[in-house]
Every structure is written in C-alpha cells, then in structure tokens.
Amino acid sequence: MDCCICEILQCLLLLLLIALFLVVVIAHVSAKMVDQTRHEKEKYFYTAEGKKESFTSLLEPHSLELSVVVPSYNEELRLPVMMDEAMEYLEKRQKKNPSFTYEVIVVDDGSKDKTTEVALRYTKKYGAQKVRVLTLVKNRGKGGAVRMGTLSCRGRLILMADADGATKFADIEKVEAGLRSISHKPDNMAISCGSRAHLEKESVAQRSVFRSFLMYGFHFLVWFFCVRGIKDTQCGFKLFTREAALKTFSSLHVERWAFDVELLYIAQCFKIPIAEVAVNWTEIEGSKLVPFWSWLQMGQDLLFIRLRYLTGAWKLESERKTQ
C-alpha cells in the first residue's frame with residue numbers, strides 16, 4: 001500500500017515538473033519584442049489651425065515642467081469630464097505661477113468612437129502647445145498607449161493619468177510631494193505612485209466574496225513574482241522624472257493591463273526609488289476590465305513577466321532610440 005502511494009506521488013511530481021517545464025518553454029518561445037516603430041501617421045499631431053507638426057522625442061532635453069499622458073480607448077463620453085478638471089487645475093496653477101509650463105498628450109488607442117475628435121476640441125481651445133492628440137493607427141493596449149505618449153513628451157516630469165478621471169487631478173500635488181520626499185535620486189531617477197491601498201477595507205466590504213478573492217489573489221501574485229513593497233501597482237496615477245521614464249519605458253514589453261507591474265519591476269531592477277502616496281479615488285462607470293477574464297489574463301502576464309526575464313527572453317535595455 002505504502003509502495004503504491006509513493007509511486008503515485010512520484011508520478012504526480014514528475015507530471016508537475018513536466019508541466020512546469022512546458023510553461024517555461026511556452027513563456028520563452030512566445031515572448032515577443034515590442035515593435036516601437038511608429039506608423040507615419042503617429043509621428044505627427046495637429047495644431048488648432050489643422051497643421052501637422054512632429055512630436056518631440058523623450059530622448060531630447062525637456063522644454064516644459066510637466067507632461068500629462070492620458071491613454072484613451074473609446075472614451076468620448078468620459079474624457080471631457082477628466083479633461084475639464086485637469087485643464088482647469090493646470091490653467092489656475094499656471095496663472096499663479098507663470099514659470100509653470102505644461103502639456104497634455106491624449107493618446108487615442110485606436111478607438112472606434114469619436115475620442116480623437118473630442119480631444120481635438122481641447123487643442124482648438126487651448127492650443128497645441130498645451131494639448132496634443134496622438135492617434136494610434138491600431139489598438140495597442142493601455143500600456144502601449146502610455147508608452148507611445150510618454151515617448152512623445154517634453155516635460156521634466158511626466159504624469160500618467162487615466163481618462164476616466166477616477167483620481168482627483170489636484171492630487172498631482174500629493175505625488176509631486178512623494179517625489180520630493182525621495183532624497184536620493186540616482187541619475188535624477190525617481191517614481192511616485194498614487195495608491196488606493198488605504199481604501200481597500202471599504203472596497204472589500206462593497207465587493208462580492210469572489211471579486212475580493214480575485215483581488216487578494218492578484219496582489220499575492222504581484223508580490224510573489226514581480227514587485228515587493230508597493231501595495232497598489234495598478235492605480236493609473238503615476239509621476240516619473242524624465243530620466244526614470246526613459247529608463248523604464250525603454251524596456252517595457254507588456255502592452256495590456258499588467259504593464260504597470262512590469263514597469264515597476266523594471267524600476268526595482270534598476271534600483272530606481274519609488275514612493276507610494278495615498279490619493280482620492282472614485283470608481284467610475286464604464287471600465288473596460290471584465291472582472292474574471294481580465295484578472296486571469298493579468299495573472300498569466302505576471303507569471304510570464306517573471307519567467308521571460310529569468311530565461312533571458314526579455315532583457316533590461318539601456319535607453320535606446322524609440323522613434
């Protein structure tokens with residue numbers, strides 16, 4: 001009897017090892033390098049007068065204080081609320097401090113609605129020096145949209161902000177304070193992440209047991225495979241120094257929802273200091289995430305992120321020409 005049990009356990013262990021080997025092989029073989037070349041139409045933006053001008057490169061020195069990158073996919077309804085709030089804040093700040101300069105880059109991620117047309121209204125209202133629209137020829141995913149927008153920035157600091165306006169825009173002052181709190185910035189690299197971790201208890205009370213299980217499971221996988229010390233990797237409100245953005249986005253591979261995790265994993269590999277700051281956050285209707293399948297996809301992405309770096313399928317890159 002004992003002999004049979006040992007044989008069964010040995011078979012199970014062997015099957016487990018074979019399965020693990022197959023997962024590693026699949027992760028390595030299926031790894032793809034992200035195509036960072038731009039379609040000709042993605043190299044330009046339109047001015048308020050309808051003229052085409054070339055985007056700046058992140059490799060060039062900064063010429064503004066702040067760039068705000070807003071990834072947008074089918075956001076014709078939610079984008080105006082966010083943009084109105086952001087532009088009101090930025091304009092007031094500039095009036096109080098004329099030396100404060102900024103731009104907002106709305107990245108239309110291959111939308112099927114009128115996202116580009118809605119965004120261009122703000123270019124016409126405020127001018128292309130303050131609002132630029134980058135329309136991607138095809139849908140890349142949120143990570144791809146953020147990367148393409150970031151690579152077109154002119155700012156000394158670069159803020160990633162979601163189009164749904166879930167985070168109060170004035171909380172940029174909190175993430176700026178978080179950035180200033182980092183005393184040692186190697187090569188002027190630092191990141192400040194907005195965080196909703198302080199709202200977790202309240203959100204658990206409002207969620208079903210199943211969705212709470214998925215949330216905690218995702219947090220565990222993030223901690224186990226990729227990023228430690230950051231409670232909320234997924235908040236879409238992150239502030240980078242220009243140098244940190246160039247270093248991290250040059251190595252980014254994931255273009256879908258788990259891109260935040262890889263971005264912070266890359267930052268920790270390069271020993272870029274990261275601050276986490278509590279921000280005001282409100283759940284906005286119209287999320288593109290499908291709870292179960294999106295979490296499942298992100299779980300797979302987390303496993304593959306770790307395996308692909310371990311096997312050498314993906315490598316950390318130095319700053320490279322991306323346009």
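E91 is placed in helix α2, which spans residues 79–96, helices here being DSSP runs of H or I of at least four residues and strands DSSP runs of E of at least two, both numbered from the N terminus. The model is a predicted one, in which local features need pLDDT of at least 70 and side-chain atom pairs count only at pLDDT 80 or more, whereas totals for chains, interfaces and linings use all residues. Residues are numbered from 1 along each chain as its sequence is written, and side-chain values use heavy atoms, with hydrogens and water left out.

With a relative accessibility of 19%, E91 counts as buried, a class that covers values under 20% relative accessible area, against over 50% for exposed and partly exposed in between (1.4 Å probe, protein chains only). When residues up to four places away in sequence are not counted, E91 touches Y102, Y126 and K130, contact meaning heavy atoms within 4.5 Å. The side chain of E91 also makes a polar contact with the side chain of Y102, at 2.5 Å; such a contact is a pair of N or O atoms within 3.5 Å, of which, within protein, one must be able to donate a hydrogen and the other to accept it, and residues adjacent in sequence count only if both atoms are side-chain atoms.

Seven strands form an open sheet of mixed pairing in the order β5-β4-β3-β6-β8-β7-β9, two strands being paired if DSSP finds at least two bridges between them. Strand β7 (residues 191–195) pairs with β9 in the parallel sense over five bridges, and the bridge partner of S192 in β9 is A275. Helix α3 (residues 115–126) lies across β3 (64–72), β4 (102–108) and β5, and runs at about 155° to β5.

Helix α8 (residues 242–249) packs against helix α9 (residues 259–269) at an angle of about 105°, with the axes 9 Å apart. The two helices are therefore roughly perpendicular, a term for angles of 65 to 115 degrees. The contact involves K247, T248 and F249 of α8 together with L263, I266 and A267 of α9. Nine of the 11 residues of α9 are buried, so this helix is largely enclosed by the rest of the structure; among the buried residues are F259, D260 and E262. Just after α9, K271 takes a positive phi of about 60°.

Technical notes. Axes are lines fitted to C-alpha atoms, for helices over the stretch in contact, and angles run from 0 to 180 degrees between N-to-C directions. Angles under 35 degrees count as roughly parallel, over 145 as roughly antiparallel, 65 to 115 as roughly perpendicular and the rest as oblique.
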